[in-house]
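This report concerns a single protein chain. Its overall build is treated before individual elements and residues.

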Amino acid sequence: SGVEKSKIEGLAYRKSDDSICINEKVYFLSGEEIPSPDFSLIEDDLNDYNIYIGTMRGCIGKCNFCVNHNYWGKPRYISRNNLETTFQYLDTKIHSTTLIHIIDNVFTLNYRKLEEFKNIVSPYKTKFVFECDTLASLINKEKINILKDMNIIKIALGFEDCVDEINRKANKNVNIIDNIKAAKMIRKYAPDICVYAYWLIGLPGTSIDSIKRNKRTIKYLIAKEIVHIISPKIFIPYPGTVFWEKREKYNLCIVSKNWDQYERVSPPYPYVLDNINGEQLEKAFNDIVELCNEGYIQKWNLNLIESRVNAHSTWYENE
C-alpha cells in the first residue's frame with residue numbers, strides 16, 4: 001500500500017543491519033472488541049481439525065522467557081455472546097466427542113468467568129471435552145470442582161524447572177512445592193483429570209547438577225502419579241522476552257539469529273549458557289524425553305476421550 005514500515009503501529013521488523021525495530025504499540029482491544037475465530041473459513045471438514053478457542057487475551061504472569069504479557073497485555077475477557085455463538089456453530093459442524101484446547105494462559109484466574117464458561121458449555125456436555133492451562137497459584141478446591149463440572153479432562157501447569165533458584169531467575173513466581181501441591185490437589189478432588197506439566201530445559205542457571213535434580217524429580221512425579229504427563233521443551237530466548245533483552249545479565253550468549261534454530265526441539269541451539277554446553281544440553285533434553293516416555297507410556301490409554309465423557313472412566317491405572 002506504499003506505507004512506510006516505520007509508520008505502521010505495532011509492527012516489529014528487522015532492519016538491513018540485523019537490528020530489530022519495534023514501532024509504538026497499538027492500543028489493546030477490550031474484551032467486547034475481541035472477535036471470535038471464524039471457523040466457517042475452514043472449507044474442509046471441521047471434524048478433521050484440532051479445535052482451539054480462547055476466553056481471554058493476556059496474562060498476569062511476567063515470566064522472563066515468555067512474550068505473552070508484552071504481546072497481549074493484561075487479561076481481557078471475550079464476551080459471553082461471542083463464546084456462545086462459537087459453540088453454537090461448532091455444535092452444528094462437529095459430529096462426535098471432541099477435545100477442545102482452551103488457549104488461555106491462566107484459565108482459572110476468575111471464579112465468575114469460570115462459572116460463566118461452565119454455563120455456556122453445559123448444553124454440549126456429551127460432545128465437547130476440554131483441556132486448559134493455568135498457574136499453581138490459581139488452583140483451589142472450588143475451582144477444581146468447577147473445572148470438573150465443565151468437562152475439563154486435562155489441566156496443564158508450568159513447572160518449567162524443579163530448582164527454585166532457576167525459576168526465580170525466570171521470574172516464574174511459582175516454586176516446585178507450589179506446583180506439587182496444586183497437582184496433588186487436582187488429583188485429590190478430580191482424580192479423572194489428567195495433570196500435565198510443562199518443563200523447560202536450559203533456562204539460565206542450568207547446570208549438570210540441576211539437570212540431575214530435574215531427572216530425579218520428573219521420575220518421582222510420574223512414578224507417584226502426582227503428574228501424569230510431562231512435556232519437556234528446550235528453552236529458547238525469543239526476541240521481546242526479558243532473557244533476550246537482558247541476556248548479558250543472565251550470562252546468556254546468543255550465537256545465532258538463524259530463526260530455523262528457534263523451534264525448541266532440535267539442535268543446534270541458538271544460545272550458549274555459562275554452566276553447560278550445547279552437547280550436554282542436547283543429551284539432557286533427550287534423556288528427559290526418554291525418561292518421560294518410559295514413565296507414562298505404560299499408564300496411559302489415550303483413546304479414552306469418549307468413554308471419559310460417557311462412562312466417567314479414569315485416565316490412569318491405579319497403583
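## Burial and surface

In this predicted model, 47% of the 319 residues in the chain are buried. The accessible surface of the chain amounts to about 16800 Å², and carbon and sulfur atoms account for 48% of that surface.

## Overall dimensions and architecture

The chain contains 10 helices and 12 strands. Along the principal axes, its C-alpha atoms occupy a box of roughly 60 × 55 × 35 Å. The radius of gyration is 21 Å, in agreement with the value near 20 Å that a compact globule of 319 residues would have.

Of the contacts between residues at least 6 apart in sequence, 70% connect residues at least 24 apart.

## Helix α4 and its surroundings

Helix α4 spans residues 141-149. Its residues K143, I144, I146 and L147 are buried. Viewed down the axis of α4, the buried residues fall within an arc of 160 degrees, and they therefore line one face of the helix.

The cover over these buried residues of α4 includes helix α3 (111-121), strand β8 (152-160) and helix α6 (176-189).

## Lysine 212

K212 is located in helix α7, which comprises residues 208-223. Its relative accessibility is 48%, so K212 is classed as partly exposed. K212 and I8 are 204 residues apart along the chain, and 48 Å separates their C-alpha atoms.

## Backbone geometry in the loops

Most residues other than glycine have a negative phi, and most peptide bonds are trans.

With a relative accessible area of 27%, N171 is partly exposed. E225 belongs to the loop between α7 and β10 (229-234). Is E225 buried or exposed? Its relative accessible area is 6%, so E225 is buried.

P268 is part of the loop between β11 (253-254) and β12 (271-272).

How values were computed: Residues are numbered from 1 along each chain as its sequence is written. This is a predicted model: local features need pLDDT of at least 70, side-chain atom pairs count only at pLDDT 80 or more; totals for chains, interfaces and linings use all residues. Side-chain values use heavy atoms; hydrogens and water are left out. Helices (H or I, at least four residues) and strands (E, at least two) are DSSP runs, numbered from the N terminus. The radius of gyration is taken over C-alpha atoms; the globule rule is 2.2 Å times the number of residues to the power 0.38. Buried means under 20% relative accessible area, exposed over 50%, partly exposed in between (1.4 Å probe, protein chains only). Contact means heavy atoms within 4.5 Å. Accessible areas come from the Shrake-Rupley method with a 1.4 Å probe; for residues, only the protein chains shown count as cover. The arc is that of the directions from the helix axis to the C-beta atoms.
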